[in-house]
Amino acid sequence: MGVFDLENEIKNITFSNGVTIPQLGLGVFKMKDEKELSEAIRVALEAGYRHLDTAMIYENEAIVGQALKESSIPREEIFLTSKVWNYDHGYEETKAAFQASLDRLGTDYLDLYLIHRASANYIETWKAMEELYNAGKIKAIGVSNFQIHHLEDLMLHTEIIPMINQIETHPAFPQDELRAFMAQHTIIHEAWGPLGQGKNDLLTQSVLLELAQKYGKTPAQIVLRWHIERGIVVIPKSVTPSRIRENRDIFDFSLSTDDMDKIATLDTGERYSGNPDDQEFLTRTSIRPN
């Protein structure tokens, strides 16, 4: 089927405030080459993507903004996410960081703004984001890499419950406990590194190879569909045109309950990336570089 067939449309997930987010987006982590990133965005938009996820610390917001400006897609049809980094935490600091991101992206609002990590002063950061949200500068606000205890603390001291939490999630680390807590509080689950970031040979697991053959898909498409079936928002990263198109072609089939159960056997309970509670990392990255 073609990417614009009705049966293969990218589905939307609805936030607690009624705003919707496309369930599939393009992640641009570590993508700093202007030509390469611009081409990736062009291919993604042509393939039907309307959701882009960036961050100040990725150092590519200006490239993303320019690529969107050069496209023929109206700004209001693009769901654009950015994030505030650790050394910009604090009430006034967050407001300044947010405006700087708007300036680099060439827009006057964001669809979603996230606290990137739960480093010091995230309460004051959230209060600034609440104010920006109430002023209409951000359509939805959320967090990234927050554990249950971070969410409980944030909800205890602020007014708006995070609308989304972007966390490492893949079949080897499905985040079931955190996922259940988020569902209880109407916090959408968004997965970064949804394909395991190419680590630990996740996509060569026999379970995924067998299911790929059964459904006529690739192992990556099987994993992305697993996320979709679980109601998760996914932002796979790629600069390869064929893979960008492949990652988008996941809405024309469904996995059976038995096959979802088979994928669940891949759970090892082990992260492929750093622990959000790593205080040394949080402290070190909360200091603005000279």
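Ground rules first. This is a predicted model, where local features need pLDDT of at least 70, side-chain atom pairs count only at pLDDT 80 or more, and totals for chains, interfaces and linings use all residues. Residues are numbered from 1 along each chain as its sequence is written, and side-chain values use heavy atoms, with hydrogens and water left out.

Now the overall fold. The chain has 11 helices and 10 strands. Both are DSSP runs, numbered from the N terminus: helices are H or I with at least four residues, strands are E with at least two. The C-alpha atoms fill a box of roughly 55 × 40 × 40 Å along the principal axes.

How much of the chain is buried? Of the 290 residues, 54% are. Buried means under 20% relative accessible area, exposed means over 50%, and partly exposed is in between, with a 1.4 Å probe and protein chains only. On to contacts, meaning heavy atoms within 4.5 Å. Take the contacts with a separation of 6 or more: residues 24 or more positions apart account for 75% of them.

Next, the largest pocket. Its volume is about 1100 Å³. The lining counts 39 residues, and Phe29, Trp192, Gly193, Gln197 and Lys237 lie nearest the centre. Two elements give two or more residues to that lining: α8 (219-229) and α9 (241-248). The largest share, three residues, comes from α9. By class, the lining has 15 nonpolar, 14 polar and 10 charged residues.

How is a pocket defined? On a 1 Å grid over the protein atoms alone, a pocket is an open set of points where a 1.4 Å probe fits, with protein on both sides within 12 Å along at least five of seven lines. Lining residues have an atom within 4 Å of a point. Grid points are joined across faces, edges and corners, and the volume is the space filled by probe spheres set on the points. For the classes, Ala, Val, Leu, Ile, Met, Phe, Trp, Tyr, Cys and Pro are nonpolar; Asp, Glu, Lys and Arg are charged; the others, Gly among them, are polar.

Now some single residues. Two buried ones to start.

Leucine 24 sits in the loop between β2 (20-22) and β3 (26-27). Its relative accessibility is 0%, so leucine 24 counts as buried. Beyond four places in sequence, leucine 24 contacts Ile10, Tyr49, His51, Val234, Pro236, Asn247, Arg248 and Phe251.

Histidine 116 is in the loop between β6 (110-115) and α4 (122-134). Why does histidine 116 count as buried? Because its relative accessibility is 8%. Leaving out residues up to four places away, histidine 116 touches Ala55, Ile57, Tyr58, Lys83, Val84, Trp85, Ser144 and Asn145.

Now the exposed side. Asparagine 200 lies in the loop between β9 (188-192) and α7 (206-215). At 52% relative accessibility, asparagine 200 counts as exposed. Outside four places in sequence, asparagine 200 contacts Gln205 and Tyr272.

Glutamate 59 is in the loop between β4 (51-53) and α2 (61-70). With a relative accessible area of 57%, glutamate 59 is exposed. Check its backbone: phi is near 60 degrees, a positive value in a residue other than glycine. Threonine 186, also not a glycine, has a positive phi of about 55 degrees. Look for threonine 186 in the loop between α6 (176-184) and β9.

Last, two partly exposed residues. Serine 256, in the loop between α9 and α10 (257-264), has a relative accessible area of 30%. Beyond four places in sequence, serine 256 contacts Lys214 and Tyr215. From serine 256 to glycine 106 is 150 residues along the chain and 43 Å between C-alpha atoms.

Glycine 18 is in the loop between β1 (12-14) and β2. Its relative accessible area is 48%, so glycine 18 is partly exposed. Glycine 18 and lysine 139 are 121 residues apart in sequence, yet 9.9 Å apart in space, C-alpha to C-alpha.
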